Amino acid sequence: MERRDVQGHYERLAAEYDEHWVYGPHHISWMSARIAEILHLSSADRIADIGCGTGMFAREVARMVNPQHAILCADPSVAMLHQIGTPPPASLTPIVASAEDIAVGRVQLPYDQLDAIWLKESVHHVADPAATLYGLAARLAPGGRLLVVMLPTSIEYPLFQAALDRFTDLQPDPERIVDHLRAAGLHTELRYVEYQLRLDREKYIDMVRARYMSVLSTFGDSEIEKGIDEMRAAHPEPVLTFPDRFAFLLGVKPGGG
């Protein structure tokens, strides 16, 4: 399987990431609300967004929760973290670190323990998810919650077929992630939530050309253009409507009050 230059991909895309990646402001608020709701976040929680990118969801969660402690925004890409702001808002603390860095304690965090951690569509970038999720679970306080938000192995996006097939080849199975969370000692539940997307076709094609999904970074320019021709033929309609279906995996550490 071709190895993706994930960090390089996001470094190149950082300045325009929110523009190319975001399906729309309603999608950000919808997803942020689901994260806050499923994690049962409160203003007193010590929270970390692992693989935060530009902090778009952490920023919205902070607006909803009004945290007493700044949300830790961890990402290995300096360019992505730079989009959070210079200086960053008081409610967010950027940290240059990967999930693995935090799991093994290579990075000093301002909080000894965390009450809530989420990984939004970043677990597929982790080389050893079992070990990394075990290490992240160890950072939780008793009763702490760890949420993994990820796509299933099969998606119904209006992409070209080679991209859909490669996504399935690369995407880990949510059921395997459930096993890892349970092996880390967390009481774990899996649920699926769907969000209906409506996007201007040309906007979506621009997003694909910008390689808004990391799987698209495995295709060369000519392959992308050939794929776009395939998409145009398959989807002549000016507005694309398709489901965005997510797996929400919540693990809870025993011992909370």
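Buried means under 20% relative accessible area, exposed over 50%, and partly exposed in between (1.4 Å probe, protein chains only). The model is predicted: local features need pLDDT of at least 70, side-chain atom pairs count only at pLDDT 80 or more, and totals for chains, interfaces and linings use all residues. Residues are numbered from 1 along each chain as its sequence is written, and side-chain values use heavy atoms, with hydrogens and water left out.

**View 1. Salt bridge between D101 and R106.** The two side chains meet at 2.8 Å, N to O; a salt bridge is a side-chain nitrogen of Lys or Arg within 4 Å of a carboxyl oxygen of Asp or Glu. D101 counts as buried, at 17% relative accessibility, whereas R106 is exposed, with a relative accessible area of 57%. By this rule the model has 13 salt bridges.

**View 2. Salt bridge between R145 and D45.** The N to O distance is 2.9 Å. R145 belongs to strand 5 (residues 140-150), and D45 to the loop between helix 3 (25-38) and strand 1 (47-50); the two are 100 residues apart. Helices (H or I, at least four residues) and strands (E, at least two) are DSSP runs, numbered from the N terminus. Both R145 and D45 are buried.

View 3. E202 is partly exposed at 32% relative accessible area, as is R232 at 30%. R201 joins these two in a network of salt bridges.

**View 4. R211 in the loop between helix 10 and helix 11 (221-234).** R211 follows helix 10 and has a positive phi, near 60 degrees. R211 is buried, with a relative accessible area of 17%. A polar atom of its side chain lies 3.5 Å from the backbone oxygen of L216, and the backbone oxygen of G220 also lies 3.5 Å from a polar atom of the R211 side chain.

**View 5. Surroundings of Y157.** Leaving aside neighbours within four places in sequence, Y157 is in contact (heavy atoms within 4.5 Å) with residues including Y23, L164, Y204, M213 and F242.

Definitions and conventions: Polar contact = N/O pair within 3.5 Å; in protein donor to acceptor, adjacent residues only side chain to side chain.
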